[in-house]
Amino acid sequence: MPLRTLNNPRDVLTVMGILKNILPKDLNTGQPNTRLGEMQQADSTDRIYIQEAFRLSQGPMPAVLILAGQQKYYLAAGEGRDGTQQISIRYFDSWTEQPATMDVIKANNIADLMRMSANIENNDNLTFKGANYAMSVAEIMLSGYEGMIDETTIPGKICIRHDLDLLINVLPYGV
């Protein structure tokens with residue numbers, strides 16, 4: 001028997017895939033407008049991972065890990081549903097693998113994450129290739145300058161991490 005299809009065609013995994021495309025570049029020009037996007041283009045490496053912390057440990061730094069958070073769906077009108085999805089975008093850079101000071105790494109991380117946040121603000125219905133993937137991004141929460149020292153996500157690496165947390169209003173869907 002084939003696996004059941006999902007009721008919501010824009011499930012959280014699909015939305016995270018769209019975010020991977022929106023975060024590093026200007027969608028009008030297709031050109032990188034973030035430091036991470038420029039690095040990806042320069043060395044042809046993928047630096048944005050969706051729920052793959054292991055791949056994060058094998059790739060170059062800085063890098064981004066996108067994670068699904070809590071999802072909430074509720075009955076709207078008739079048989080339709082509305083809901084919200086929480087998605088965390090974690091920006092990592094290794095402290096031990098470069099000569100930059102912790103302050104420089106923090107400044108670079110938070111500035112780049114703010115650029116990514118601006119890309120989302122400019123496209124808060126998450127439109128990609130002519131299709132919308134959300135009603136809106138209702139809330140954007142950016143961690144402060146300090147970020148955090150993360151020694152657990154990538155075993156054996158000391159990273160400085162900054163977070164961008166999103167609360168997304170999903171597009172209504174029918175059952």
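Strand E3 has 10 of its 14 residues buried, so the rest of the structure largely encloses it. Buried means under 20% relative accessible area with a 1.4 Å probe, protein chains only. The model is predicted: local features need pLDDT of at least 70, side-chain atom pairs count only at pLDDT 80 or more, and totals for chains, interfaces and linings use all residues. Residues are numbered from 1 along each chain as its sequence is written, and side-chain values use heavy atoms, without hydrogens and water.

**Strand E3 and its partners**
- Helices (H or I, at least four residues) and strands (E, at least two) are DSSP runs, numbered from the N terminus.
- E2 and E3 run antiparallel, joined by 11 bridges; strands pair if DSSP finds at least two bridges between them.
- Leu67 has Ser88 of E3 as its bridge partner.
- Five residues separate the strands in the E2 and E3 hairpin, where Gly78 takes a positive phi near 60°.
- E3 also runs antiparallel to E6 (residues 159-169), again with 11 bridges.

**Gln85**
- Gln85 sits in E3 (residues 81-94).
- Gln85 counts as buried because its relative accessibility is 0%.
- Its side chain makes a polar contact of 3.2 Å with that of Tyr73; such a contact is a pair of N or O atoms within 3.5 Å, within protein one able to donate a hydrogen and the other to accept it, and residues adjacent in sequence count only if both atoms are side-chain atoms.
- A polar atom of the Gln85 side chain lies 3.4 Å from the backbone oxygen of Arg10.

**Helix H2**
- Leu36, Gly37 and Gln40 are buried in H2 (residues 35-43).
- Ser44 follows H2 and has a positive phi, near 55°.

How values were computed: Buried < 20%, exposed > 50% of the residue type's maximum accessible area, 1.4 Å probe, protein only.
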